[in-house]
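Let's take a walk through the inside of a protein.

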Amino acid sequence: MSVRRVYIDYINVLAMVFVIYQHTRIAFYDPVATQTYWAEIVVSSVAVCAVPLFLMNSGANLFDYLDRYDTWTFLRKRALKIVIPYLVWTQVYIAAESLRGNIDGLGGWFEATINPARVCPPLWYLEVLVGLYLFVPVLAYALQALGEARRTGATYLLVILVVGTMLLPLVRVHDGAILGQLNVPASGYLVFMVAGYLLSRSEPSLGVRIGSYAAGLGGIAAFIVLGSKYSLAHSPLGPFFVGYLTFGTLATSAAIFIAAQRVPVERWTRASRVIRYLSGLTFGIYLVHYGILAIFQALRPIGGALDEAAYTAACWCLSALLVAGARTIGPVRRWILP
């Protein structure tokens, strides 16, 4: 039986707060140098790690699933955990948009059903997860076959993924012909899962930890300084500093992951029990929070940075209470808010 990594619970709770904050931002996607934008760019330099941290946790937990059960069981568990709630909540948000008059008949329903992010943008993450989960067995079998060399193999894969996901697109931003047809077949968000797998199976020395924290601070600085510079200029370089798939985001996420591993869970037993419980609510909070934020903003639109902080806290608390209550109902806990 695998040992529960309690620090992953801490990461889950923190990442969920980051997710909600990102959905309260009002200036980030249409950058103009206002006080609200500068507040958002500073907080977002850390909050951008939300999705990467979730994916790192998935890599830490799932790449060794063959030690616990077979691939059919893995796929069945993932379908129950992700696919069924994804389908259910797609229809919930479609129904909500229909009540607001934003769905035009059967054609609008069909369009929203095949493109759920139209009615609930956060559902894009579940689509990413489905694709990644279909690929996890390939890596799980490969790592199992590598045996004692699995860490070396995973490290090599991480380097290749970083090149394909972060370096090549940046090099080609000025001229798409650079390096001709050199491409890395597997890339994208998988880089965070592999990083999480490697970090979860390492005991970094003090020097490595200090280096990681320094790199994380460098990622934050790059996000704020270069990200704001290129975003305000509407430069194509902007996404390479404020997006998920960037060197800075990977460095900052890794630093947070390593810091979480140092949480003294043996001393913080009471806090860890609470965090473990809240971590179990995280996926449900993810599913409901967007609707709650929409209600908040319909009642009173967000007006600035202080509102964003208040709405983030209020939305997280209300979402957690709602999910905790709903999960006391067996079918809801199993099918709708797992």
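Helix H6 (residues 124–146) supplies three residues, the largest share, to the lining of the largest cavity. Helices here are DSSP runs of H or I with at least four residues, numbered from the N terminus. A cavity is a set of points on a 1 Å grid over the protein atoms alone where a 1.4 Å probe fits but cannot get out, and lining residues have an atom within 4 Å of a point.

Keep in mind that this is a predicted model: local features need pLDDT of at least 70, side-chain atom pairs need 80 or more, and totals for chains, interfaces and linings use all residues. Numbering runs from 1 along each chain as its sequence is written, and side-chain values use heavy atoms, without hydrogens or water.

Here's that cavity in brief:

| Feature of the largest cavity | Value |
|---|---|
| Space inside | about 60 Å³ |
| Nonpolar lining | five residues |
| Polar lining | one residue |

Phe-63 is one of the lining residues, along with others including Asp-64, Arg-150 and Tyr-197. Phe-63 also turns up in the largest nonpolar core, where Phe-63, Leu-55 and Leu-126 touch the most other members out of 94 residues. Such a core is a set of buried Ala, Val, Leu, Ile, Met, Phe, Trp, Tyr and Cys residues joined through side-chain atoms within 4.5 Å; buried means under 20% relative accessible area with a 1.4 Å probe, protein chains only. Helix H1 (residues 6–22) gives the most to this core, eleven residues.

Technical notes. Buried means under 20% relative accessible area, exposed over 50%, partly exposed in between (1.4 Å probe, protein chains only). Helices (H or I, at least four residues) and strands (E, at least two) are DSSP runs, numbered from the N terminus. On a 1 Å grid over the protein atoms alone, a cavity is a set of points where a 1.4 Å probe fits but cannot get out, and a pocket is an open set with protein on both sides within 12 Å along at least five of seven lines; lining residues have an atom within 4 Å of a point. Grid points are joined across faces, edges and corners, and a volume is the space filled by probe spheres set on the points. Ala, Val, Leu, Ile, Met, Phe, Trp, Tyr, Cys and Pro count as nonpolar, Asp, Glu, Lys and Arg as charged, and the others, Gly among them, as polar.
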